[in-house]
Amino acid sequence: GAAPAAEPTKLVVSELHPHISKDDIGEVFSPFGQVAEITMPTDPGTGAGLGIANITFVNPSEAKDAQTAINGLELAGKRIVVSLVAEAPAATAMPAMLGMPAMPGMAGMPAMAGMLGGFGGFGAMAGMPGMAGMAFPDAAGAPPGNPSAPPSQFVLMKNMFDPNGKEELEDKEFFIDLREDVMEETGKNGTVLDCKIVRESAGHVLLKFAEQAGAAGTVSKLNGRWFAGKQISAEFVEEPIFEAA
């Protein structure tokens, strides 16, 4: 008889926002394990993304964990569908069905049930590694910050929190956690010497970097991106603005 099909390692993600990139997909799925390959098919005529990504994990159990956790998650305002795809065994190993040639796609049919799985609530997703920093360009593609400000070691990020938000007002740890998150995320671009949160503001967070390169990396990566459901801006500011905060 035919050997049993190997445990599936491949996921198909559909209903993706058109601006989501391969890097964004990698950020979402890589916390679950080693990703061997990500492909995103495009329209041959326009080159536009089709809202689909194929992700292959090295380990089947990690693929299953990712499918369970991320199916139904909202990314950039769209609820995505994640399904496991069973690789079909070689056609020669499959018995002909009613005289028809073997159909390689049939082995993947049980995985269809995963596509119909309920859209669970994913409030816990914010606590997953990699999720807090998930960022997507806005639909219009226009960065909201002030890119014309002269480069410096100082960065102002806006809309990082809601000064009148329930969590901001009631959770004593909120601003401590936010400061840690910001320093960890922006610290990937360079050494952060100081981080100031202006509570009575439109979500302003100011950063002082050891070198201008760290500030420049932060502005280029974060300006116009999304953080915790809000579009943020990041721009250079002069030292007096940082010191006055």
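This report describes salt bridges, aromatic pairs, a charged surface patch and some backbone features of one predicted model.

Residues are numbered from 1 along each chain as its sequence is written, and side-chain values use heavy atoms, with hydrogens and water left out. Because the model is predicted, local features need pLDDT of at least 70 and side-chain atom pairs count only at pLDDT 80 or more, while totals for chains, interfaces and linings use all residues.

**Salt bridges**

The structure holds 5 salt bridges, a salt bridge being a side-chain nitrogen of Lys or Arg within 4 Å of a carboxyl oxygen of Asp or Glu. Among them are the pairs in the table below.

| Pair | N to O distance |
|---|---|
| Asp24 and Arg225 | 3.9 Å |
| Glu235 and Lys158 | 3.8 Å |
| Lys188 and Glu185 | 3.3 Å |

Helices (H or I, at least four residues) and strands (E, at least two) are DSSP runs, numbered from the N terminus. Asp24 is buried at 3% relative accessible area, whereas Arg225 is partly exposed at 26%; buried means under 20% relative accessible area, exposed over 50%, and partly exposed in between (1.4 Å probe, protein chains only).

The side chains of Glu235 and Lys158 also meet in a salt bridge, and this pair links strand β12 (residues 233-237) with strand β7, 77 residues apart. Glu235 is buried, with a relative accessible area of 9%, while Lys158 is partly exposed at 29%. In the pair of Lys188 and Glu185, Lys188 is exposed at 58% and Glu185 is partly exposed at 31%.

**Aromatic pairs**

A search of the whole structure finds 3 aromatic pairs, where rings of Phe, Tyr and Trp (its six-membered ring) pair if their centres lie within 6.5 Å, and planes under 30 degrees apart count as stacked, over 60 as edge-to-face and the rest as tilted. One of them joins Phe154 and Phe242 in a tilted arrangement, at 5.3 Å centre to centre and 40 degrees between the planes. Phe154 lies in strand β7 (residues 154-158) and Phe242 in helix α7 (residues 239-244), so the pair ties together parts that are 88 residues apart in sequence. Phe154 is buried at 6% relative accessibility, and Phe242 is buried at 2%.

The rings of Phe174 and Phe175 have their centres 5.1 Å apart and their planes at 85 degrees, so this pair is edge-to-face.

**Negative patch and backbone features**

Glu167, Glu173, Asp177, Glu180, Asp181 and Glu184 gather in a patch of negative charge on the surface. Patches are made of residues with over 30% relative accessible area and no salt bridge, with like charges joined within 9 Å and nonpolar side chains (Val, Leu, Ile, Met, Phe, Trp, Tyr) within 5 Å. Helix α5 (residues 174-186) supplies the largest share of the patch, 4 residues. Asp181 lies in this helix and is partly exposed, at 38% relative accessibility.

Positive phi values occur in Glu15, near 65 degrees, and in Asn159, near 70 degrees, each being a residue other than glycine. Glu15 lies in the loop between β1 (10-14) and α1 (22-29), and Asn159 in the loop between β7 and α4 (166-170).

Terms used
Accessible areas come from the Shrake-Rupley method with a 1.4 Å probe; for residues, only the protein chains shown count as cover. Lys and Arg count as positive and Asp and Glu as negative; His and the chain ends are not counted. The place of a charge is taken as NZ of Lys, CZ of Arg, CG of Asp or CD of Glu.
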